[in-house]
Amino acid sequence: MVPGAPALAGGLAEPCYCSKEVYNKENLFNSLNYDVAAKKRKKDMLNSKTKTQYFHQEKWIYVHKGSTKERHGYCTLGEAFNRLDFSTAILDSRRFNYVVRLLELIAKSQLTSLSGIAQKNFMNILEKVVLKVLEDQQNIRLIRELLQTLYTSLCTLVQRVGKSVLVGNINMWVYRMETILHWQQQLNNIQITRPAFKGLTFTDLPLCLQLNIMQRLSDGRDLVSLGQAAPDLHVLSEDRLLWKKLCQYHFSERQIRRRLILSDKGQLDWKKMYFKLVRCYPRKEQYGDTLQLCRHCHILSWKGTDHPCTANNPESCSVSLSPQDFINLFKF
């Protein structure tokens, strides 16, 4: 088993936000052809910076898809996103990757399904995520990919202005896009400093312990980044058994058999196979903590959170939800 681990800061190429021929930034802003006074634009920017949060930060919510005698209305994705306490969840290392993945999925396809308040809440939480990463200098690549996904989606949505795809003034969304570019630049400018620590380092550990730790990395890009840190680590990061276990963890035997690659020595090249498989199939997702749904009382909460359940054994009624499961829960 290969447990998840925080992404290491790697030397990845800077992502391209939008294809040059389709999403050229200057052409996009110039083609909008909106004529708004500078005073109005400044007011919209100030309103966009407002951090007033219109959500309850509840530990659990009741998810209902229809009206009953006891309850009226239904719970939407936007309502759930507003009411559950995601702002605090990002401060928990066990929940951070889960929330980031959820933000990415919403940015890809669900942004227009959110209400105006939920969209503003989305941007506020995203800002907290970025500020956290800038402060602790961890999960840099993860947030770069999130910002790239969001910017790409907004490039498409802003061009469809007037078709009720985004809530709010167009200037507000252009300003948010500029903010995303600014965040991306800040992430690119991060200089990770070596801590002033003179004790035992990773390379001082026995080789068996180093390999054991490397086996716990669930992303092949982290192995590559670790191998770039020192010549000895590069040798370990090329270990065939390491990449074989990584392939077997994320992909089924059938998927692996369809993407066999032989090395010059006639052996299976597990490293090349891994990156080939990643392009063809989704990787297994693993999180330290997840949201869960009680099938008895239809209450949504984080694991370990007590909720008013009337079942004799509440734990047996709870089902863990992946970020995609959470979104699917609100597709009626």
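Helix H8 (residues 170–188) has 19 residues and reaches 27 Å from its first C-alpha to its last, close to the 27 Å expected at 1.5 Å a residue, where the expected span is 1.5 Å times one less than the number of residues. Because 15 of the 19 residues of H8 are buried, H8 is largely enclosed by the rest of the structure; buried means under 20% relative accessible area, with a 1.4 Å probe and protein chains only.

The model is predicted, so that local features need pLDDT of at least 70 and side-chain atom pairs count only at pLDDT 80 or more, while totals for chains, interfaces and linings use all residues. Residues are numbered from 1 along each chain as its sequence is written, and side-chain values use heavy atoms, with hydrogens and water left out.

Helices (H or I, at least four residues) and strands (E, at least two) are DSSP runs numbered from the N terminus. Asn121 lies in helix H6 (residues 116–136) and counts as buried at 2% relative accessibility. The side chain of Asn121 makes a polar contact of 3.1 Å with that of Asn82, the term denoting a pair of N or O atoms within 3.5 Å, one able to donate a hydrogen and the other to accept it, with residues adjacent in sequence counted only if both atoms are side-chain atoms.

Four strands form an open sheet in the order S1-S3-S2-S4, with antiparallel pairing; strands pair if DSSP finds at least two bridges between them. Its edge strands, each pairing on one side only, are tabulated here.

| Edge strand | Residues |
|---|---|
| S1 | 60–62 |
| S4 | 318–321 |

Strand S1 is joined to the antiparallel strand S3 (residues 299–302) by three bridges, and Trp60 has Ser301 as its bridge partner in S3.

Key: Buried means under 20% relative accessible area, exposed over 50%, partly exposed in between (1.4 Å probe, protein chains only).
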